[in-house]
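Please read them with the structure open.

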Amino acid sequence: MSQFDIPGWGCIHGLSNHYSVGCDRKIMKSLLGVLLAPAIVLLGATQAFAAIKTEVVEYKHGNTVLEGYLAYDDAIQGKRPGVLVVHEWNGLGSYVKERTEQLAELGYVAFAIDMYGKGIRPKNREESAAQAGIYRSDRQLMRSRANAGLVVLQQNPLTDSQRIAAIGYCFGGGTVLELARSGANIAGVVSFHGNLDTPNPNDAENIKSKVLVLHGADDPRVPDEQVTAFETEMRQADVDWQLIAYGGAVHSFTNPEAGNDPSKGSAYNEAADKRSWEAMKQFFVELFQ
């Protein structure tokens with residue numbers, strides 16, 4: 001190809017400098033268009049084929065039938081890190097399913113477990129408290145039920161079983177901490193506005209994972225005494241732990257469904273929600289690098 005075969009090339013010869021600059025810009029735009037076109041087509045094709053797939057997964061813990069929720073990006077080839085997700089006290093619902101899908105968008109295979117049982121989805125505060133109370137009063141049952149979901153994630157063919165983390169919200173936050181205290185072989189756990197108490201603080205010696213607690217500094221459900229006891233527990237067991245407290249945030253600060261009135265003890269806080277999600281993402285980079 002000669003210089004005159006390139007669109008716009010001829011206009012720069014024998015003309016004023018002013019006009020030459022204008023023509024140069026036209027040439028650059030033309031060349032950039034030619035060079036970038038394949039990349040744009042490739043990007044469009046990638047976006048077209050990428051899709052978040054979700055599945056309802058039935059599994060068992062003993063004789064109890066459970067129904068979890070799996071999400072993954074089918075454009076990713078091969079195994080990838082897994083993230084276990086544990087719901088709030090109102091059971092496996094739309095909020096936790098959305099979080100599970102967001103984790104899949106980040107490239108993880110995410111599995112939201114069912115702590116209560118297939119079809120058990122509390123409809124109000126009283127029912128939620130009753131269901132959560134079963135497991136909070138029996139931490140061995142809580143740990144065992146969570147471990148049943150962990151096995152499902154570990155055995156999924158998409159999961160790199162050596163790179164697994166667990167996250168939980170409210171009741172689920174306390175659950176993933178108990179999962180860690182059970183000695184589960186996972187890389188890390190993240191508690192979002194979860195309960196920090198445990199009847200067996202010495203069990204922290206079993207923890208093999210790193211621990212990240214994302215806490216509302218003004219959460220009335222998790223008072224300062226509970227935070228202090230947790231910090232002491234972690235120190236005495238020599239756990240690799242972090243606790244980030246968000247000023248002005250109360251319980252359920254990541255959930256828009258919690259409303260916007262902090263005086264009720266539970267309320268959404270957009271800043272704390274975004275900051276805690278970013279903290280989790282950075283934690284995962286550390287775990288899975």
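1. In this predicted model, valine 85 has alanine 112, a residue of strand 4, as its bridge partner. The pairing concerned is that of strand 3 (residues 80-86) with strand 4 (residues 109-112), which runs in the parallel sense over four bridges.

2. Taken as a whole, the sheet is open and consists of eight strands in the order 1-2-4-3-5-6-7-8, with mixed pairing. Strand 1 (52-61) and strand 8 are found at the edges, and each has a single partner strand, so that one side of each is left without a neighbour in the sheet. From one strand to the next, the twist averages 20 degrees.

3. Two helices lie across strand 1, strand 2, strand 3, strand 4 and strand 5, namely helix 2 (residues 94-105) and helix 4 (residues 139-155). The angle of helix 2 to strand 2 (64-73) is about 40 degrees, whereas helix 4 runs at about 130 degrees to strand 1.

4. Helix 2 has twelve residues, and the distance from its first C-alpha to its last is 17 Å, close to the 16 Å expected at 1.5 Å a residue. Its buried residues are Tyr95, Val96, Arg99, Thr100, Leu103 and Ala104, and what covers these buried residues of helix 2 includes, besides strand 1, strand 2, strand 3, strand 4 and strand 5, helix 7 (270-288). Just after helix 2, glycine 107 adopts a positive phi of about 105 degrees.

5. Leaving aside neighbours within four places in sequence, valine 152 is in contact with Val57, Tyr59 and Phe111; the C-alpha atom of phenylalanine 111, which is 41 residues away along the chain, is separated from that of valine 152 by 8.4 Å.

6. The buried residues of helix 6 are Gln226, Val227, Phe230, Glu233 and Met234; seen down the helix axis, they fall within an arc of 125 degrees, so they line one face of helix 6. These buried residues pack against helix 5 (171-181), strand 7 (210-216) and strand 8 (241-246), while Asp224, Glu225, Arg235 and Gln236, on the other side of helix 6, are exposed. Just after helix 6, aspartate 238 takes a positive phi of about 55 degrees.

7. The structure holds eleven aromatic pairs. In one of them, the rings of tyrosine 108 and phenylalanine 288 have centres 5.7 Å apart and planes at 55 degrees, so this pair is tilted. The pair links distant parts of the chain, with tyrosine 108 in the loop between helix 2 and strand 4 and phenylalanine 288 in helix 7, 180 residues apart, and both tyrosine 108 and phenylalanine 288 are buried.

8. Tyrosine 169 and phenylalanine 192 form a stacked aromatic pair, with 4.6 Å centre to centre and 15 degrees between the planes. Tyrosine 169 lies in strand 5 and phenylalanine 192 in strand 6 (residues 188-192), 23 residues apart. Tyrosine 169 is buried, with a relative accessible area of 0%, and phenylalanine 192 is likewise buried, at 1%. Ring pairs link Tyr169 and Phe192 with Tyr95 into a cluster, and Tyr95 is also one of the buried residues of helix 2.

How values were computed. Residues numbered from 1 in each chain as written. Predicted model: local features only at pLDDT ≥ 70, side-chain atom pairs only at ≥ 80, totals over all residues. Heavy atoms only, no water. Buried < 20%, exposed > 50% of the residue type's maximum accessible area, 1.4 Å probe, protein only. Arc of directions from axis to C-beta. Contact = heavy atoms within 4.5 Å. Pairing = 2+ DSSP bridges. Axes fitted to C-alpha atoms, helices over the stretch in contact; angles between N-to-C directions. Expected span 1.5 Å × (residues − 1). Phe/Tyr/Trp six-rings, centres within 6.5 Å; stacked < 30°, edge-to-face > 60°.
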